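Trainee: Please take me through one part of this model closely, namely the surroundings of the ligand. I would like one connected account.

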Amino acid sequence: MTFVSSRLPLAPPDASALPLAQGRPFVGNLPFILSDPLGFFQRLSRSAGPVVRVRLGMAMGELLLVTDPAVIAHVLEGNAGNYRKGRFYQRLRGVFGNNIILADGPDWRRQRHMAAPAFSARHLEAAGWVMAGSAASLVERLDGAARRGEPVDMLREFMDVALNVIIKTLFGVGVGARAEAITAAIEPLLREGERRVWWPLRPPLWVPTPVNRHLRSVLAGFDRVVYELIEERRRSGERREDILDALLHARDEAGAGLTDQQIRDEIAGFIVSGHETTGTTLAWALEALSRHPAVDTAVRRELDDVLGPRRPTATDLPQLVYTRATLYETMRLNPAVWTISRQAVADDVVQGIPIRAGTVVMMPPYVVHRTAAHWPNPEGFDPERFRNGEPRGTSKFTYFPFGGGPRRCLGAHFSMMEMQIVLATLLQRFRFSLIPGSLPEAMVTLTLRPRDGLWMIPEIVHAQPA
Ligand code: HEM
């Protein structure tokens, strides 16, 4: 890593006065980012400060690494209107469509307005039952492995649960066996999405390379099933408590609804944003509990006190304060969305720092959440930090696993519900230990996940809860 160090005056006259990570000729810092993004950005922020220019090489230009919470608050919230998702996200459109996660400006505002009712209290209540049912099925699946003393890849299990939950809350029980076609398509599409973020030279999907041909057939399979489900529901006119119902009946301010293609794109967005994030967070939570027996005991005590032998439902969740704090602490150390980026529309200045139009601003929660200036004992695992919930006020952007401002995660409440229900249900039945000698290592895909899965041995500790 090569730095051109600079004095950083209080009000730098122009962006060239900011610290610069030069990297290698032609490729800039891309090789470092591709081989160890977490370590690279963490070291850079520690050594060069909270606002650093990072060269990405000839093909990708430059980005601005920002780990100062006040600047992040400005970009994501205070002056959010001046920042769009930008070019990193644009590369995903060809794969996932123009959904709420990727859209910008008035198009995004309309989509947000129309998608929000899908996460209303009524829909969340229905989703709670789906979550409880999926958690119970997972317990049944793990029972056999526990009796045989077999290790299980809990990352895989949690991904499956989260995918199952999102598909059932999207389409209701009517999805039946077609869930499998959707499941089969998602993994290759996600992996292609992440390649597109960091490899700018990947040809667009219409270019008939062998990889693209395969992807197009995967996408066609996904589309066929999703359009079929939309069409069936439109035809039946039936009303349900699922997300598809909310999207079919959503209206914008002018009273217009979403087209089938727009509904398909939103569905793809919900599946992508909702399953891997939740699945990986659950995996990290279990990994942390297995390494921190005092926390594990405290969570179990709370579950005993609040639930006794009863399975958790959505109405129990406000009382599961320590369980929730454990999930918050998990997302502090291992935020599934490890980085968030935006691109400036017009020139801006924040805290005397100039941000030129077109600048890509990268704000990694992973780095901010592990900064000693904001978090004492930053590498330690201590849910007590979150007994009173998430930080608020001026320290809000020292912790932002769900992003912030107008584009804060629409599924934050949904996923907290799901993670509490699944974790509580599992811990009522099992204790989990890592395979001796294994220490899961974090790797970056679209989300932050354990590199080789999370192989754990479940041990039955309680009779089946009622
Ligand atoms: C642990 C689980 C989750 C985490 C950590 C997470 C994190 C995030 C983050 C950081 C953003 C903001 C991205 C940005 O500003 O660029 C976001 C946006 C979003 N998330 Fe989540 N998410 C989770 C679960 C979910 C679930 C379960 C759903 C849906 C069922 C969901 C739906 C969305 C949507 C629709 C957006 C886009 C909001 C907008 O741009 O208006 N997320 N999420």
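Mentor: The shell around the ligand is made up of 15 nonpolar, eight polar and four charged residues. Here Ala, Val, Leu, Ile, Met, Phe, Trp, Tyr, Cys and Pro count as nonpolar, Asp, Glu, Lys and Arg as charged, and the others, Gly among them, as polar. The model is predicted, so local features need pLDDT of at least 70 and side-chain atom pairs pLDDT 80 or more, while totals for chains, interfaces and linings use all residues. Residues are numbered from 1 along each chain as its sequence is written, and side-chain values use heavy atoms, with hydrogens and water left out.

Of the 27 residues around the ligand, K85, W108, R112, R342 and C409 come nearest; a residue is near if one of its heavy atoms lies within 4 Å. C409 is also the single protein donor to the iron atom of the ligand, through SG at 2.3 Å. Donors are N, O and S atoms within 2.8 Å of the metal (3.2 Å for Na, K and Ca), and sites may look incomplete because water is not among the atoms. In the chain, C409 sits in the loop between α15 (365-368) and α16 (412-429). Helices (H or I, at least four residues) and strands (E, at least two) are DSSP runs, numbered from the N terminus.

Two or more shell residues come from each of α6 (105-115), α12, β7 (340-344) and α16. The most come from α12, with six residues.

The axis of α12 (residues 260-291) comes within 10 Å of that of α10 (residues 210-236), and the two cross at roughly 120°. Axes are lines fitted to C-alpha atoms, for helices over the stretch in contact, and angles run from 0 to 180 degrees between N-to-C directions. The residues of the α10 and α12 contact are nine nonpolar, one polar and four charged. For α16 the partner is α7 (residues 121-148), with axes that come within 9 Å and cross at roughly 30°. That contact holds 14 nonpolar, three polar and four charged residues.
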